[in-house]
Amino acid sequence: MIWIFLGAPGAGKGTQAERLQRDFGFVQVSTGELLREAMRAGTELGNRVQGYITRGELVPDDLVAGVLIERLTWGETGNGVILDGFPRTVRQAEILEQILAKHCWQLCAVLYLDVPEEVVLLRLGGRRNCPQCGANYHVVALPPKVAGRCDRCGGELVVRPDDTPEAIRKRLEVFHQQTEPLVAFYSGKRLLERIDASGEVDEVYQAVKSVVSRRWRQCLAEG
Ligand code: AP5
């Protein structure tokens, strides 16, 4: 079973996906995190994608699709996979349809985290990231227990390289131009669930959980 998290940068996709992973036994697959891992490891892929990510642009469709296919083919899939940050273009959504058909995987729902732009700016402005394990914090809304240190692995928290004002502006522009059309794409397939994600983390999670529970039952019944 496959779930998709769709939403503007900073909408809370990673934060909510992490909670679903914990409670439902799903596995979160973040294409952004896979690409950042490659950058940290200094692999050929990492070197190829670094410029796109730092500028806030999308990595070319075929390159990111290749990364996703490899992860889905060889990695753990648990009780289902949450795609956090894929697809981001209609072309990627079409590639995903081919992958799902080939493996007989079922797309249960697309959770669209809807937040106003001013909220996104506050969230990204206060985000701190652990480069060692990928965990995310927020200086006000989700602070770590010890300032500047990751609760999970003790790593030093940093500001993500694409959380600069210029890159955030670019990412929002890219979202509106290239990713937002997916809202209509998945609405047309009756897969879209729009969730108001402007509230506090736990409040949003209650809404996410209720949608996932309902869609999960539906998905199981449809086989
Ligand atoms: P990616 O890592 O996917 O970044 P993004 O989509 O811009 O999303 P973010 O990680 O910034 O935000 P989020 O929605 O996960 O929010 P979070 O939970 O962290 O992609 C990065 C780059 O990789 C792209 O720009 C592109 O270059 C490339 N890339 C990745 N996938 C690609 C693809 N498919 N195709 C092409 N290129 C691709 O929350 C944000 C902050 O807010 C955190 O500090 C959090 O603690 C806080 N927060 C969360 N929820 C709440 C809440 N309810 N209340 C208060 N604070 C909250």
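Helices (H or I, at least four residues) and strands (E, at least two) are taken here as DSSP runs, numbered from the N terminus. The structure is a predicted model, in which local features need pLDDT of at least 70 and side-chain atom pairs count only at pLDDT 80 or more, whereas totals for chains, interfaces and linings use all residues. Residues are numbered from 1 along each chain as its sequence is written, and side-chain values use heavy atoms, with hydrogens and water left out.

The ligand is surrounded by 35 residues, a residue being counted as near a molecule or strand if one of its heavy atoms lies within 4 Å of it. The closest of these residues are Thr-15, Glu-57, Arg-88, Arg-127 and Arg-171. The largest share of the shell around the ligand, four residues, is contributed by α2; at least two residues of the shell are supplied by each of α1 (13-24), α2 (31-41), α6 (117-125) and β6 (136-138). When the shell is divided by class, 14 residues are nonpolar, 11 polar and 10 charged, where Ala, Val, Leu, Ile, Met, Phe, Trp, Tyr, Cys and Pro count as nonpolar, Asp, Glu, Lys and Arg as charged, and the others, Gly among them, as polar.

At Gly-85, a backbone N or O atom lies 2.8 Å from a nitrogen atom of the ligand.

Across the whole structure, five aromatic pairs were found, rings of Phe, Tyr and Trp (its six-membered ring) being paired if their centres lie within 6.5 Å, with planes under 30 degrees apart counted as stacked, over 60 as edge-to-face and the rest as tilted. Phe-24 and Phe-26 form a stacked pair, at 5.4 Å centre to centre and with 20° between the planes. Phe-24 is buried, with a relative accessible area of 12%, and Phe-26 is buried at 2%, where buried means under 20% relative accessible area, exposed over 50% and partly exposed in between (1.4 Å probe, protein chains only). An edge-to-face pair is formed by Phe-185 and Tyr-186, at 5.0 Å centre to centre and 85° between the planes; Tyr-186 is buried, with a relative accessible area of 2%. Ring pairs also link Trp-3, Phe-24, Phe-26 and Trp-216 into a cluster.

A charge is taken to sit over a ring if NZ of Lys or CZ of Arg is within 6 Å of the ring centre and within 35 degrees of the ring normal. Lys-189 lies over the face of Phe-185, at 5.0 Å from the ring centre, and the charged end of Arg-55 sits over the ring of Tyr-52, 5.7 Å from its centre.

Arg-215, in helix α9 (residues 201-222), is buried, with a relative accessible area of 9%, and its side chain reaches the backbone oxygen of Arg-190 at 3.2 Å.

Terms used:
A polar contact is a pair of N or O atoms within 3.5 Å; within protein, one must be able to donate a hydrogen and the other to accept it, and residues adjacent in sequence count only if both atoms are side-chain atoms.
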